[in-house]
Amino acid sequence: MKKNTPTLALAALLGLGFTTGAHAQPTVELTGLADMYAGSIRMAGDAKSRSVVDSGGMTTSWWGLKGNEDLGGGLKVGFAFTSFMRMGNGALGRFDGDTPFSRDANIWVGGNFGRLTIGRAMAPNFLPTILFNPFGDSFAFSPLVLHANVPLFNGTNWGATTPADTGWSNQLTYTTPSVGGLQANLHYQFRGDAGPNNRYNAGANVLYFNGPLALTAFYERAQVNNPVATVFADGSTRTDWMLGGSYDFTAAKVFLTYGQARNNVTDARSKTTSVGASVPLGTGKLLAAYAHTQDSGLDKTRRTATIGYDYPLSKRTDLYANLMNDRISGSSSGTSFGVGMRHQF
C-alpha cells in the first residue's frame, strides 16, 4: 500500500494537467480521514442541548481506494471509490439511507487537455464552499456549510440552500488545465432512471489562486435530487450561485462570500453572506466565521457565528476546539461546542 498524505486543499483541487514522460507503475492507495469530537450540540430551534461523541467535527470522516496508471504520452487514467463513515457507531454514509460510496465512485482520464471524470463526484458547489470559509468542510461548525448543506428537522422548517447535495451521481465532469492559477469544472448529471429523461442537473465552478489572492464562483441548475437520482417532489427547477474570495495578509487570512438560491415553483429565495478569518496564533490558527441567510419563503433570517482554534500535532493530525451560536428569527437560539481530533491517512 502507498500512503497518502494530502492537505485539504491539495486533496480538493483536482484535474491538474499531466506532463509527458515514461510509463510509471500503476498506483493504488488506501486513503481517508478520521475525525472524532466530544461536546454539546444545540442548533437554533432545538428544545434542548444534547451531549455528543460524534464523527466529523471539522471534516466528515471517510475512507476508500484511489489509483491511477500512466499510459504514456501525457495520458493517465484513474479511479476513486471512497465512502463517508460515521465513526461513532461504525455506520457507512453521512446519514441513514446514504449510498455506500456517496463521496466518490468514478473513473477518470486526464492529460494536458485537463481531466474527464465519469461517475459520482463533487457537485459544482462543493469546492467553492469549503475552500472559501475558515472552517473548511465542517458540517458541524462551519456557518457557511451549515446554511448551505444541513437542513434542520426540529420544527423550524429550515432547509439547506444547496438544492441537490454536495455530490452528484451519474455525472460527467470536465476539469480544465490550470492556466495562470485559473481552473474551471463543468458538470452535467443525467437523471439515470427509467422515467422521462428530460430532467437533469448542470453547473460549473471557477477557482483562481494567485499568491495571497483567491477567487471563486459557482452556478447550479438542478432538477434531480441526490445521492439517489430522483426528481424533486414539487417538480421544481432550483438554481444556486455564489461568488467568493479570500486574501492572505500573513497576519490574517480573510474570507468573503455571497450567494443566492431559488425554487422556481414556490419562488422562495435564500440570500447568504458569509465572512471569516484565519489568524496564526502560536503553532496553530484562530478561526472565526459568520453567516447570514435571509429566506423569503419562510420569511425568516438565520445568523450563525463560530470561533475556534486548530492546533497541528503533525502534517496529518490536528486537535481543534470550536464554539458556535446559532439563531433563527422566531425560534430559540442554540449554542454548541466541541473538542476533537482529525487524522489523515
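User: What is in the largest nonpolar core?

Analyst: This is a predicted model. Its largest nonpolar core has 17 residues, and Y37, I41, M43 and F141 have the most contacts inside it.

User: Which strands each supply at least two residues of this core?

Analyst: Strands β1 (27–41), β16 (284–295) and β18 (317–328) each supply at least two. The largest share comes from β18, with three residues.

User: And what is M43 in contact with, leaving aside its neighbours within four places in sequence?

Analyst: With those neighbours left aside, M43 is in contact with L146, L152, R302, M324, D326, G334 and S336. Apart from this core lies another one, of seven residues, including L127, L131, F132 and A214.

User: Where is S246?

Analyst: S246 sits in strand β13, which covers residues 238–248. Its relative accessible area is 5%, so S246 is buried, the cut-off being under 20%.

User: Changing topic. How many helices and strands are there in the protein?

Analyst: The protein has three helices and 19 strands. Its radius of gyration is 20 Å, close to the 20 Å from the globule rule for 345 residues, so the protein is as compact as a globular protein of that length. Along the principal axes, the C-alpha atoms fill a box of roughly 65 × 55 × 40 Å.

User: What share of the residues is buried?

Analyst: Buried residues are 47% of the 345. As for the surface, the accessible area of the protein is about 15,800 Å², and 61% of that belongs to carbon and sulfur atoms.

User: What about contacts between residues 24 or more positions apart?

Analyst: Such pairs account for 55% of the contacts with a separation of 6 or more.

User: How many positive and negative side chains are there?

Analyst: There are 28 positive and 22 negative side chains. The centres of the two sets lie 2 Å apart.

User: Now A47: buried or exposed?

Analyst: A47 has 75% relative accessibility, and exposed means over 50%, so A47 counts as exposed. A47 lies in the loop between β1 and β2 (50–55).

User: How far apart are A47 and L215?

Analyst: They are 168 residues apart in sequence, and in space their C-alpha atoms are 39 Å apart.

User: Backbone next. Where is there a cis peptide bond?

Analyst: A cis peptide bond joins N226 and P227, with omega at about 5°. P227 is in the loop between β12 (213–222) and β13. Most peptide bonds are trans.

User: What is phi of D165?

Analyst: Phi of D165 is near 75°, a positive value in a residue other than glycine. Most residues other than glycine have a negative phi. D165 lies in the loop between α3 (143–149) and β8 (167–168). With a relative accessible area of 17%, D165 is buried.

User: And T250, what is its phi?

Analyst: Phi of T250 is near 75° and positive, in a residue other than glycine. T250 lies in the loop between β13 and β14 (253–263).

User: Is T250 buried or exposed?

Analyst: T250 is exposed, with a relative accessible area of 65%.

How values were computed:
Residues are numbered from 1 along each chain as its sequence is written. This is a predicted model: local features need pLDDT of at least 70, side-chain atom pairs count only at pLDDT 80 or more; totals for chains, interfaces and linings use all residues. Side-chain values use heavy atoms; hydrogens and water are left out. A nonpolar core is a set of buried Ala, Val, Leu, Ile, Met, Phe, Trp, Tyr and Cys residues joined through side-chain atoms within 4.5 Å. Buried means under 20% relative accessible area, exposed over 50%, partly exposed in between (1.4 Å probe, protein chains only). Helices (H or I, at least four residues) and strands (E, at least two) are DSSP runs, numbered from the N terminus. Contact means heavy atoms within 4.5 Å. The radius of gyration is taken over C-alpha atoms; the globule rule is 2.2 Å times the number of residues to the power 0.38. Accessible areas come from the Shrake-Rupley method with a 1.4 Å probe; for residues, only the protein chains shown count as cover. Lys and Arg count as positive and Asp and Glu as negative; His and the chain ends are not counted. The place of a charge is taken as NZ of Lys, CZ of Arg, CG of Asp or CD of Glu.
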